[in-house]
Each structure stands twice: as C-alpha cells, then as structure tokens.
Amino acid sequence: MDQNRNPAPVARHGDEATAAETALLTPRLQASWQRSRRYGLTPEDLRPDFTGTVDTESLLYECGHEVLRGLKDTLADEPVGMTLTNSDGLVLFRLCGDSSVSRSLDRVNLAPGFFFSESNAGTNGMGLALADRAPSLVRAEEHYCTLLRQYTCAAVPVLDPVTGELAGSVNLTTWSDRSSKLLLALAQAAAGNTAALMLARTTGRKPRPAPRGEVFQVFAHRAGTGSRSPLLSARWTDAVAEARTALAEGRLLAVVREPGTGKSTLAALARRQVRSRERILCARPPLPDDITPWMEIWAPELTKTHTCVIIAGVHTLPAWAAEDLAGLLSGRAYGDTADPHPHPAVITAEDYASIPQALRSLVGAVVEAPTLRSRPDDILPLADHFARAFRGRPVTFSPAAAQALTTYHWPENSRQLRRTVCDAASRTDVVDLRHLPGEVFVGTPRRLSRIQALERDEIIRCLTEPATTVAQAADALGMSRATIYRKIAQYDITIPSRTR
C-alpha cells in the first residue's frame, strides 16, 4: 500500500451536500455528519486539538495498553493502527507494526495528545463510538473529513466496569480498501478485555450491572408514616428550594453532581413543593440498543399537563437519542414551537459539561445536588431513615457504629449509605461495628491485590469484634503487635476507640 495514497474521490459534502448524497449514509452517520457541520467543521479542514499532557497513570491506560499490545503481537504483519482514547476522544497511545500506516496516521494527527472526538475531527470511528456509546464502523467515504477517507475505522466504547460510566474507546484503523469484516469484532474483543482487566485490578469492588432501563412513578412521603422524609441540613434544603424556584418559573431544570447524591430525589421533592398532587415519573436509560423502546414507554407522558418526567443520567444517552429527546422537550416533535419548554420535565447528569449539546441549549437552570461528605450532619438521619424504611421499624446504631458512619467519606454518597445500612439492618436490630463493611473503616482508597484486600478485611473483622483489643486481634491473626500496627497504617484503617 502506497504510503502517499490519496483519499478516494468522492463528491463534496458539507453545506453543499445534496439529499441524494447524504441518503447513502446510514441514519447514525447522517446524524453524525449533521453534528459535524453544527460544530463548524468543513470536510476539507482536519485540525484536531492538541494537548501536551496524557494521563499514563490511569487504570484505563494501563489495562488498554496491555490488551492492545497483545493484539499487536497477534496482528504483527497486518496494516492496522490501534489507539486508545479517553472519554473526551483524547488519544492516549497508538500501537502499529506497519511503518506506512504509522507515517500516514502521523500526517492526519491520529496520535497521542490529539483529540479525535466528533467536535474536533468530524465523523470518525472513535468519535461516533463515544457520541453514541455504541460500537461503530466508519468506512472510507463515510468519514466527514476528506483526509480520513483513506481509512476504515472500527471503534468500541470502553465502560468502567464498576461505575458503568464511559471510560474511553478502543479504535482499530486500516486502509480503506482492506476488508473490514473482522475489524469491528477485534475492536469489540479488545474493549471487552480492557474492561475485564480493569475489573480484575479494581479489587474489592463489584461490577455494576448493565443498565436495563427503568420507568417508575415517584410517590410522595405521607406525613405520619414510617417512610416520612428525614429532616436534613441547610445544604440539602437550600438546593431543594433553588430547584423549586426554577420549576415554579417553568424553566427546564438540570440537577447535576456525581453518582449517588440523590439528584432525582431532589428534583422530585422540589416538584412536589410546586405541585403536590402532580404525577412524577422517573426514567433511567438502558443500554443504547434498548433506547428506542424505552423512550416509547414514557415519551407520551410529556404531553400530559399533570405529569412531570425526570429523565435521569442524560449524559449516558447516545447523541442521536439526546437530539430526539431535545425535540420532545422543546415541543418540536409535536409541532408545538410557541413555547420553548411546554412540558414539565427535569434532567439529571454528572455535571453540566457532560449534558449533550442538544439538551444543554434547552436548560434554563442548573442546581447541584450536595454530596454526602459535604453534609456530615445528614448521615445519621439518613441512616435511620433507610434502616426504618427497610425493616419497617426503628433500628438502633451503637455509638461506635454511629461514629464510624459519620466519619467515613462516602465516595458513592447516599446510594452507598443506603446499601450499607440496609445490609446491616438485615442482620440485626442494633447495628454495631461488626455489622458494617470493611470499606467504612478505610481512609483514602487505593488499589490492592486480592491477597492484600483479604488481609485488610480480616484485620478489620478481628478489630471490630466486641471487646477486642489490638493485642487480642494480633493473636487471633497470628501476627505480632508491631506487625498489626504496621498493617493498620499501611491500609489506613481507623476503628472507633471502643475496640482499642
């Protein structure tokens, strides 16, 4: 293959593209081309942004590099370039055993430190995979920019196996006249192996189940019942009040913050204060392949005046689904353009920047849900509320257990607190240290081997036994006092003073 080959001759695309030309593309590719034009890109101009820093210490980089290095050895004689990007499309590294492919990719800046998202490089394999969160194959003239039409690219998103969030993408690039039948299958295998290796090296954490999609009704808490909402701090009530004001003014509200902070709960509470008898539905997205039937379930509810829909996690939506949702929320899908926000709805996301552009333009107000670590006074009231709701009666927390709960940093916020409390309450009416998971007694989390995690948890188990001293725990573990103190410091274990 000539290293100086020119892109295949195709008709110009862009603002002058005819309907007949764009009709040759699949609907996903057509939507991607439209987004590329909206980003202000032209087919003749390929100038991906460059950054001087690449995170080579991340788990994604470590695992992706190991997987693709093994694949490169397998495809030693094939003209295939292999790249790994982060969730923003930044190329973290590139591996290639063919010098002509490497030189060609250098000329189009498909190299570490360059961004190849749709907004930077137009329709391309990795950009489309990241935008739609789905495996993508972009052949030759299907690329938006002409300089990329000499290639065929297969890209697959890599999802964090614990959080389920988009971590990055694996991309395989070859010449446009090469067979692409196995390219996407190889990319899918590499992405899956990368996620599996990330899970294996994230010791002590369970994989997040694949989202199946949910649509459920949110019921108000009735005064005088065991499920009554707890009295919480000003940080929470002020955020609810801010959301209530935006909803009362008819603005499309976005509630943002990290997972587990109760974004949907905050939105539902605020909406209840605006219209106490309104029906509230919450819709959580499934995997991309199931988005269409999921939207068909709840989309008709947007036209009902006494129903409010909370669409959770819009940052996980494929780009095409975000554009369809924008049409529904703006009324365009129903031919209603008089009011830009005619339908009561709320969206949630991890942060404002992660909201798809099509939806971001409709947002009238943004409220941050406060993290649990920023409101320690709410931990015990919430723990009592979760336990009471789970057991149907009050559950007591010992002073030592209460101290452990309030001093822990709760990286997964209220979701993690609920899981911890319900697990403890399922085994006892009086929650003590031994009923709490080992993670609650550990300070700054770090990656451990499987053996290290087992050792740490066994030390915590012995230390949290009633009336157990450090010396007794050391004897039970068969180690010296000096060793157990060293291990306590090594694993950053903090046990309330009752066990000392």
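The face of helix H8 turned away from its buried side carries the exposed residues Asp238 and Ala248; exposed denotes a relative accessible area over 50%, buried under 20% and partly exposed in between, computed with a 1.4 Å probe on protein chains only. The structure is a predicted model, in which local features need pLDDT of at least 70 and side-chain atom pairs count only at pLDDT 80 or more, while totals for chains, interfaces and linings use all residues. Residues are numbered from 1 along each chain as its sequence is written, and side-chain values use heavy atoms, leaving out hydrogens and water.

Helix H8 spans residues 234–248; helices (H or I, at least four residues) and strands (E, at least two) are DSSP runs numbered from the N terminus. From first to last C-alpha, the 15 residues of H8 reach 20 Å, close to the 21 Å expected at 1.5 Å a residue, the expected span being 1.5 Å times one less than the number of residues. Trp236, Ala239, Val240, Ala243, Ala246 and Leu247 of H8 are buried. Seen down the axis of H8, these buried residues fall within an arc of 125°, so they line one face of the helix; the arc is taken over the directions from the helix axis to the C-beta atoms. They pack against strands S7 (253–256), S10 (345–349) and S11 (365–368) and against helix H9 (263–274), a contact being heavy atoms within 4.5 Å. Glycine 250, with a positive phi near 80°, follows H8.

Six strands form an open sheet of mixed pairing, in the order S6-S8-S9-S10-S7-S11; two strands pair if DSSP finds at least two bridges between them. Strand S6 (212–218) and S11 are the edge strands, each pairing on one side only. The twist from one strand to the next averages 20°, with axes fitted to C-alpha atoms, for helices over the stretch in contact, and angles running from 0 to 180 degrees between N-to-C directions. S6 and strand S8 (residues 279–286) run antiparallel and are joined by six bridges. Phenylalanine 216 has cysteine 282 in S8 as its bridge partner. H8 packs on the sheet, touching S7, S10 and S11, and its direction makes about 165° with that of S11. Helix H10 (residues 291–298) lies across S6, S8 and strand S9 (307–311), at about 175° to S8.

The protein chain averages a pLDDT of 87, and 88% of the residues score at least 70; pLDDT is the predictor's confidence in each residue, from 0 to 100. Over residues 222–226 the pLDDT is below 50, and this stretch has three contacts beyond near neighbours in sequence.
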